[in-house]
Amino acid sequence: MSRVFIVIAELSAAMAAIKETAGLAKVINDAKTDAEIKAATSEIQGRLITLQMECFSLGDVIRLRDEEIMHLKAKVAEYEDFCSQTEGYILEQVDSGSFVYSKKELVSGREISVNLCPLCYSKGIKSILHPFPVGKSSRFHKSRCLQCENKFLMDKNPDFETPKSLNQLGRELNGDTWLGR
């Protein structure tokens, strides 16, 4: 908003200089002696130089305003693009308790959940979480964001097997004589 006031101030100063210069032109027209004409002409030249500098300054203010408008238009376009890319995604809590943005998508004829990284989403970046393989010892499936490298525990692993206790391992290795000596 302060740039608007600067533009208005610069414009007012330029208009005042034009008005004063027009008044000096009348003085030249009404002048009787050569000295009066030279003094008024010199004054007009000074005012015109001032007016020219104020016009240059006004041009700089307008150029800066135009640059700011272009920057803001680019930000709006970027935001609108992100909104169109992420339309339909909702924040959901997965089995592990983590939160991800999720949307059901039709891929190769079947419906799957596409999950987005919440950290990247908050920064205006659409980054799909990519699952990576887990073994039977992992309670949850895991995914990671390729953009920020965050890892997420996701839904329960149906193949999860509770790890064996030391007693169970000992019995299996030594038969049933492990602690029964």
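**Cysteines, helices, cores and rings**

A: We can begin with the cysteines: the sulfur of Cys 117 is 3.6 Å from the closest cysteine sulfur, that of Cys 148, which is too far for a bond, given that a disulfide is a pair of cysteine sulfur atoms within 2.5 Å. This is a predicted model, in which local features need pLDDT of at least 70 and side-chain atom pairs count only at pLDDT 80 or more, while totals for chains, interfaces and linings use all residues. Residues are numbered from 1 along each chain as its sequence is written, and side-chain values use heavy atoms, with hydrogens and water left out.

Q: How far from the sulfur of Cys 148 is the closest cysteine sulfur, and how many disulfides does the structure hold?
A: For Cys 148 the closest cysteine sulfur belongs to Cys 145, and at 3.6 Å that sulfur too is too far for a bond; the structure holds zero disulfides.

Q: Is Cys 117 buried or exposed?
A: The terms rest on relative accessible area: buried is under 20%, exposed is over 50%, and partly exposed is in between, with a 1.4 Å probe and protein chains only. Cys 117 is buried at 0%, whereas Cys 148, at 26%, counts as partly exposed.

Q: What does Cys 117 touch, and which residues make up the largest nonpolar core?
A: In soluble globular proteins, nonpolar side chains tend to be buried together. Contact means heavy atoms within 4.5 Å, and, leaving aside residues up to four places away in sequence, Cys 117 touches Ser 127, Leu 129, Cys 145, Cys 148 and Phe 152. A nonpolar core is a set of buried Ala, Val, Leu, Ile, Met, Phe, Trp, Tyr and Cys residues joined through side-chain atoms within 4.5 Å; the largest has eight residues, namely Val 94, Val 100, Cys 117, Cys 120, Leu 129, Cys 145, Phe 152 and Met 154. A second, separate core has six residues, among them Phe 82, Val 114, Leu 116 and Tyr 121.

Q: How many aromatic pairs are found in the whole structure?
A: A pair of aromatic rings is described by the distance of the centres and the angle of the planes. Rings of Phe, Tyr and Trp (its six-membered ring) pair if their centres lie within 6.5 Å, and planes under 30 degrees apart count as stacked, over 60 as edge-to-face and the rest as tilted. The search finds two pairs. The rings of Phe 82 and Tyr 121 have centres 5.1 Å apart and planes at 65°, so this pair is edge-to-face; Phe 82 lies in helix 2 and Tyr 121 in helix 3 (residues 118-122), 39 residues apart. Tyr 101 and Tyr 121 are stacked, with 3.6 Å centre to centre and 15° between the planes. Phe 82, Tyr 101 and Tyr 121 form one aromatic cluster.

Q: What span should helix 2 have?
A: Helices (H or I, at least four residues) and strands (E, at least two) are DSSP runs, numbered from the N terminus, and the expected span of a helix is 1.5 Å times one less than its number of residues. The 52 residues of helix 2 (residues 34-85) should therefore span 76 Å, and its end C-alpha atoms are 76 Å apart, which agrees. The buried residues of helix 2 include Ala 40, Ile 44 and Phe 82.

Q: What radius of gyration does the protein chain have?
A: The radius is taken over C-alpha atoms, and the globule rule is 2.2 Å times the number of residues to the power 0.38. A compact globule of 181 residues would have a radius near 16 Å, but the protein chain has 38 Å.
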